[in-house]
Amino acid sequence: MNFEPFKILPVGYIRKNEELQEVHIEILPEFWEAVEGLREGDWIKLVLWFHESEGAKRKVLKVHPYGNPKNPLTGVFATRSPYRPNPIALYTVRIHRIEGNCLYIDWIDAIDGTPVVDIKIFVERYDCPKEVPIEEREANIRKGRMIGEVNLIPRKSEHLDELEEVSPEDYDAVILEIGPKTTTLTAKELVELIETLEEAYESLPVEVKDKLRRREGHSP
């Protein structure tokens, strides 16, 4: 079977300071804008290219897990071995601080100079899959709203005629993401949240509400 190669461009490189026990991602200048929106404290998924696992190492299809020959030979797709047809490595790390084009992260075992292929924000429902009341195909992603660190994704309203017997207490209406954490709200809980937010809004100082109204183009 013939395979056509394709390009993967590094967006940055892993830099390690053994003396200070620090690791950071050096983002290349042409990708600085892509960092906008990341915050200190965020959990991210790192996709790295183990550039030293080339040649014969890419032909290894079975390994002893953890490099221990006492473990039975296992297909590399069932392990986290760096020896694999495409030496891609995945890490979940936390951003400790951001300085210029450098993201300081948790310590990882990748060597200094390892190319960074991609960075994605950690999302619990994608990265820690579990049974959820609202399946991905039912989530109305295009109607999702980001408000600060909170994401609200409503459920699609299709086939609601089939749900006449479902009570507000049982109907899961919204996916709620706060940072990396994910939960769902029932229709009843959603109404309670709306009422709570309305109360919080009404308790704002008059001066703040006036400024908000002027910003939105409403008269005080």
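**Exercise 1.** Which element gives the most to the lining of the largest pocket?

Solution. Before starting, note that this is a predicted model, in which local features need pLDDT of at least 70 and side-chain atom pairs count only at pLDDT 80 or more, while totals for chains, interfaces and linings use all residues. Residues are numbered from 1 along each chain as its sequence is written, and side-chain values use heavy atoms, with hydrogens and water left out.

Step 1: find the pocket. On a 1 Å grid over the protein atoms alone, a pocket is an open set of points where a 1.4 Å probe fits, with protein on both sides within 12 Å along at least five of seven lines; its lining residues have an atom within 4 Å of a point. The volume of the largest pocket is about 520 Å³, counted as the space filled by probe spheres set on the points, which are joined across faces, edges and corners.

Step 2: look around its centre. Ile-121, Val-123, Met-146, Asn-151 and Gly-179 lie nearest, out of 26 lining residues.

Step 3: assign elements, which are DSSP runs numbered from the N terminus (helices: H or I, at least four residues; strands: E, at least two). At least two lining residues come from each of α1 (124-127), β9 (145-147), β10 (150-154) and β12 (181-186). With three residues, α1 gives the most.

**Exercise 2.** Sort the lining of the second largest pocket by residue class.

Solution. Step 1: this pocket has a volume of about 440 Å³. Among its 20 lining residues, Phe-50, Arg-80, Pro-82, Ala-89 and Tyr-91 lie nearest the centre.

Step 1: apply the classes. Ala, Val, Leu, Ile, Met, Phe, Trp, Tyr, Cys and Pro are nonpolar, Asp, Glu, Lys and Arg are charged, and the others, Gly among them, are polar. For the largest pocket, the classes come to 10 nonpolar, seven polar and nine charged.

**Exercise 3.** Trace the strands of the closed barrel, then look at its partners of β3.

Solution. Step 1: follow the order β1-β2-β7-β6-β3-β8, a closed barrel of six strands with antiparallel pairing. Pairing here requires at least two DSSP bridges between two strands.

Step 1: turn to β3. This strand is antiparallel to β6, with seven bridges between them, and also to β8 (residues 115-121), with five bridges. Lys-45 has Thr-92 as its bridge partner in β6 and Lys-120 in β8.

Step 2: check burial (buried is under 20% relative accessible area, exposed over 50%, partly exposed in between, with a 1.4 Å probe and protein chains only). Five of the seven residues of β3 are buried.

**Exercise 4.** Which residues of the largest nonpolar core touch the most other members?

Solution. Step 1: a nonpolar core joins buried Ala, Val, Leu, Ile, Met, Phe, Trp, Tyr and Cys residues through side-chain atoms within 4.5 Å.

Step 1: from the 19 members, pick out Ile-14, Ile-25, Leu-46, Leu-48, Tyr-91, Ile-105 and Ile-108. Two or more residues come from each of β2, β3 (43-49), β6 (88-99) and β7, and β6 gives the most, with four.
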